[in-house]
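Please read the following account with the sequence and the model open side by side.

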Amino acid sequence: MRTSLHVNRSRIGVVEAPLFSLPWERLEDLPRWRALPSGWSDGRIANYRRRTDMHGNEARSSARSGLPGGIGLYTPDAGEAADFYRALFSWDIVSSDSQTEISAFSLGSGMIANVHAAVGRSEDSQHFAGWQISLSVSDVDTALGKVEENGGKIVIPRTKNGEGDKRAVVRDSTGARLGVIEDRGNEGFSAFGPGLPVWYEVLVTDFEKGMRFYRDVFGWECRLYAPEGKNVPYATNRKGESSVCGIGDASYFGREGESSLWRVYFGAEDIDSSAKRVDDLGGKTLSEPRDTPWGRVAEAADPQGAMFMMYQI
């Protein structure tokens with residue numbers, strides 16, 4: 001069974017997904033609250049193509065290789081997951097062609113993520129349970145070669161779906177699991193709002209090793225984050241004038257002794273209420289909402305244990 005989640009006119013599934021480009025040059029530039037553009041009312045996100053950045057400047061076109069190109073939820077209970085995310089983020093449910101299986105979670109007419117059935121929790125198989133972030137590449141086979149050359153591991157070899165999309169699942173040189181999808185030239189969207197994926201990051205057990213891997217495999221251009229002149233083991237991957245995702249030292253973020261992992265942030269209009277809602281819906285708030293140099297955030301898990309972050313917008 002395969003499912004998808006979506007949000008207004010922006011497709012961000014594991015198989016096919018223009019990204020939500022984030023035009024923040026530094027983490028301190030992460031926007032606090034900004035008024036939504038005209039047409040973004042009642043939690044619905046209008047078709048907002050990448051013509052301008054968050055500051056109204058004309059967006060520069062660039063290759064999407066190495067950028068987050070999709071997210072997917074692997075869950076042992078798609079129905080329960082659908083109830084949870086629908087109540088938390090107002091995501092809609094789209095059924096498969098058979099109308100008996102969930103095909104997507106959406107907000108309006110744009111897909112957020114594919115959802116896949118997961119049996120058990122073997123992380124080195126198709127039955128991995130949790131949120132998975134995928135990076136776009138120009139050629140999957142070339143990328144897989146670079147993964148192995150730079151100390152990574154292929155978990156699921158290249159596959160092709162009926163639409164011709166090529167994808168694979170790998171682990172980086174520090175052990176973080178991620179998807180790799182072939183970029184088919186989708187234009188992409190800029191969007192920032194409640195229920196949308198607004199940031200992506202990987203926390204690694206070896207910061208220098210991790211940065212080398214993403215630089216050499218995915219062409220990342222990392223910029224170190226130094227709030228008030230202090231050295232912090234966190235860097236953002238830049239494409240032109242935009243910061244599009246981050247990489248940090250897991251131990252600095254309270255995950256010492258834990259495995260490397262990717263995580264996605266979803267926008268929350270009232271993060272304190274959303275954190276309480278997580279618990280009321282059968283999930284678990286893993287860290288209470290807290291202020292950080294880049295905004296107010298919280299970590300949570302759905303009823304099946306899939307972890308995600310929330311970001312106050």
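Helices (H or I, at least four residues) and strands (E, at least two) are taken here as DSSP runs, numbered from the N terminus. On that basis the protein has four helices and 17 strands. The model is a predicted one, in which local features need pLDDT of at least 70 and side-chain atom pairs count only at pLDDT 80 or more, while totals for chains, interfaces and linings use all residues. Residues are numbered from 1 along each chain as its sequence is written, and side-chain values use heavy atoms, with hydrogens and water left out.

Of the 313 residues of the protein, 55% count as buried, where buried means under 20% relative accessible area, exposed over 50% and partly exposed in between (1.4 Å probe, protein chains only). If contact is taken to mean heavy atoms within 4.5 Å, then among contacts between residues at least 6 apart in sequence, 70% join residues at least 24 apart.

Eight strands form an open sheet of mixed pairing, in the order 11-12-13-10-14-17-16-15, two strands being counted as paired if DSSP finds at least two bridges between them. Strand 11 (222-224) and strand 15 (284-292) stand at the edges with a single partner strand each, so one side of each is left without a neighbour in the sheet. From one strand to the next the twist averages 30°; axes are lines fitted to C-alpha atoms, for helices over the stretch in contact, and angles run from 0 to 180 degrees between N-to-C directions.

Within this sheet, strand 10 (residues 197-204) runs parallel to strand 13 (residues 242-249) and is joined to it by four bridges, with Gly248 of strand 13 as the bridge partner of Leu203. Strand 14 (residues 261-268) and strand 17 (residues 307-312) also run parallel, again joined by four bridges, and here Phe266 has Met310 in strand 17 as its bridge partner. Strand 17 pairs with strand 16 (residues 295-301) in the antiparallel sense over five bridges, and Ala301 stands opposite Met307. Strands 16 and 17 form a hairpin with five residues between them, and Gly305 in the turn has a positive phi of about 95°.

Which strands do helix 3 and helix 4 lie across? Helix 3 (residues 207-218) lies across strands 10, 11, 12 (234-239), 13 and 14, running at about 145° to strand 13. Helix 4 (residues 271-280) lies across strands 14, 15, 16 and 17, at about 170° to strand 15.

Each of these helices also meets another helix. The axes of helix 1 (residues 78-89) and helix 4 come within 10 Å and cross at roughly 155°, and the two helices are therefore roughly antiparallel (angles over 145 degrees; under 35 counts as roughly parallel, 65 to 115 as roughly perpendicular and the rest as oblique). Phe84, Ala87 and Leu88 of helix 1 make this contact with Ser274, Arg277 and Val278 of helix 4. The axes of helix 2 (residues 140-149) and helix 3 come within 9 Å and cross at roughly 150°, so helix 2 and helix 3 are likewise roughly antiparallel to each other. Here Ala143, Lys146 and Val147 in helix 2 meet Phe213, Asp216 and Val217 in helix 3.

Finally, is Glu299 buried or exposed? Glu299, which lies in strand 16, is buried, with a relative accessible area of 13%. Not counting residues up to four places away in sequence, Glu299 touches residues including Arg255, Arg263, Lys284, Arg290 and Met307.
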